[in-house]
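Here are a few notes to read alongside the model. They start with one residue and then widen to the whole chain.

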Amino acid sequence: MADLKERLLAPKPASALNVREVSNRPSASGRQAFQGVDVLGLKKRGQGLRSWIRVDTSGNSQAIEVDKFTMMRRCDLPARDLRLLDPLFVYPSTILGREKAIVVNLEQIRCIITADEVLLLNSLDSYVLHYVMELQRRLTTTGVGEVWQSDSSDMNRRRGSRNFENVFSNSSPDYLPFEFRALEVALEAACTFLDSQAAELEIEAYPLLDELTSKISTLNLERVRRLKSRLVALTRRVQKVRDEIEQLMDDDGDMAEMYLTEKKRRMELSFYGDQSMVGYKSVDGASISAPVSPVSSPPDSRKLEKSFSIARSRHESMRSSESTTESIEELEMLLEAYFVVIDSTLNKLTSLKEYIDDTEDFINIQLDNVRNQLIQFELLLTTATFVVAIFGVVAGIFGMNFEIQLFDVPSAFQWVLIITGICGVFIFSAFVWFFKYRRLMPL
């Protein structure tokens with residue numbers, strides 16, 4: 001990884017290093033600005049240049065500096081497509097098929113894929129470097145496989161075997177076009193990144209939720225709230241990638257538009273076909289710029305030329321339609337494989353969200369139970385207060401400033417306390433029985 005970074009990234013001057021050190025310092029709010037972004041590349045953006053990593057079909061990589069308008073002319077892309085790759089803006093995951101390129105914006109992987117090369121924004125993010133290394137490895141491995149395939153095909157032709165040749169035919173998914181292999185690595189990197197984040201979230205979430213169910217505290221509730229916010233944000237990103245892949249799978253036109261190698265081959269065949277027709281006419285002695293008289297061109301030769309052109313166009317159209325169908329099937333199988341992966345990640349997040357919802361319901365049930373117990377205790381306390389108030393009424397009556405014969409009896413005070421206590425206990429028991437009868441308190 002360090003060797004690749006040193007090879008791709010040009011040596012920085014002292015001023016750029018100072019700018020990078022300043023940008024990596026935390027601000028007053030505690031955040032670091034432009035994390036994982038090449039600050040030198042951002043500085044060059046003001047000068048009209050931007051650093052890109054170029055990977056060709058052979059797996060060779062190099063760092064190039066191209067301005068925006070040169071990149072637009074080079075890849076035949078509008079300016080709005082290049083804005084999707086700008087690291088200063090946050091755009092949702094997008095895969096766009098254009099005439100000569102595929103614009104990919106999947107999490108950290110922001111690149112332009114053509115039939116001959118892959119152009120990535122030169123970032124210091126480790127996922128971008130992993131993408132370059134993985135793409136180089138697969139391109140090198142595929143090149144070795146193609147050599148083995150050609151040797152095996154020659155040997156099988158000498159032996160006259162057809163079954164073994166069909167196993168190593170070009171229709172195998174291991175021998176996809178260059179743009180599909182680059183797109184596959186990008187999809188794999190994005191799906192792996194999202195799945196790893198989902199796994200980390202699961203590892204952190206389940207123990208925290210179990211702790212919250214056993215001990216409800218303000219600290220645990222705050223941690224769960226932050227966890228749920230991260231879960232919602234990650235679910236939104238995974239859902240966007242899933243919807244983008246599903247949208248591509250549902251549209252055959254977009255998938256056919258992304259087959260860049262086939263379109264390039266058709267253009268070359270069309271160009272060579274036109275050149276061959278020019279040579280055929282020149283051999284017959286007819287000039288293209290000069291008008292041809294009907295006397296000098298026999299009717300049979302014109303009919304033969306017309307039938308030859310019609311047959312060639314039909315053959316090209318049938319072959320292009322068959323190849324387009326095959327390419328759509330290849331791309332559809334590729335997208336379907338990663339659709340299953342991203343859908344599995346989404347199911348993990350959905351299960352985690354359901355577990356959080358179940359935990360919240362359980363906590364609400366516990367809080368409702370505690371609240372009901374407090375209400376029952378308050379009801380008993382109110383009843384006991386009412387019984388104690390009876391003693392206050394009796395004390396108030398006997399505290400009046402008047403004389404009666406009961407005051408002369410020595411044991412009158414004890415009898416008053418005993419009778420008042422018995423009445424209070426009876427009234428309290430009557431209230432408790434009424435509460436249980438009305439099911440206001442558990443039995």
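1. A contact, as used here, means heavy atoms within 4.5 Å. With that in mind, look at Arg-54: leaving aside residues up to four places away in sequence, Arg-54 touches Asn-60, Ser-61, Gln-62, Ile-64, Arg-74, Glu-117, Val-118 and Leu-119.

2. Before going further, a word on the ground rules. This is a predicted model, where local features need pLDDT of at least 70 and side-chain atom pairs count only at pLDDT 80 or more, while totals for chains, interfaces and linings use all residues. Residues are numbered from 1 along each chain as its sequence is written, and side-chain values use heavy atoms, with hydrogens and water left out.

3. Where does Arg-54 lie? Its place is in strand E1, residues 49–56; strands (E, at least two residues) and helices (H or I, at least four) are DSSP runs numbered from the N terminus.

4. Now for the chain as a whole. It has 13 helices and six strands, and 34% of its 443 residues are buried. Of the contacts with a separation of 6 or more, 68% join residues 24 or more positions apart.

5. The structure holds zero disulfides, meaning pairs of cysteine sulfur atoms within 2.5 Å.

6. UniProt, in an unreviewed entry, lists residues 224–251 as "coiled-coil region"; such annotations may be inferred rather than shown by experiment. In the model this stretch is 96% helix and 0% strand, with its end C-alpha atoms 40 Å apart.

7. Finally, confidence. The mean pLDDT (the predictor's confidence in each residue, from 0 to 100) is 75, and 68% of residues reach 70 or more. Over residues 10–47 the pLDDT is below 50, and this stretch has 36 contacts beyond near neighbours in sequence. Residues 144–173 also stay under 50, with 15 contacts beyond four places in sequence.

Terms used:
Buried means under 20% relative accessible area, exposed over 50%, partly exposed in between (1.4 Å probe, protein chains only).
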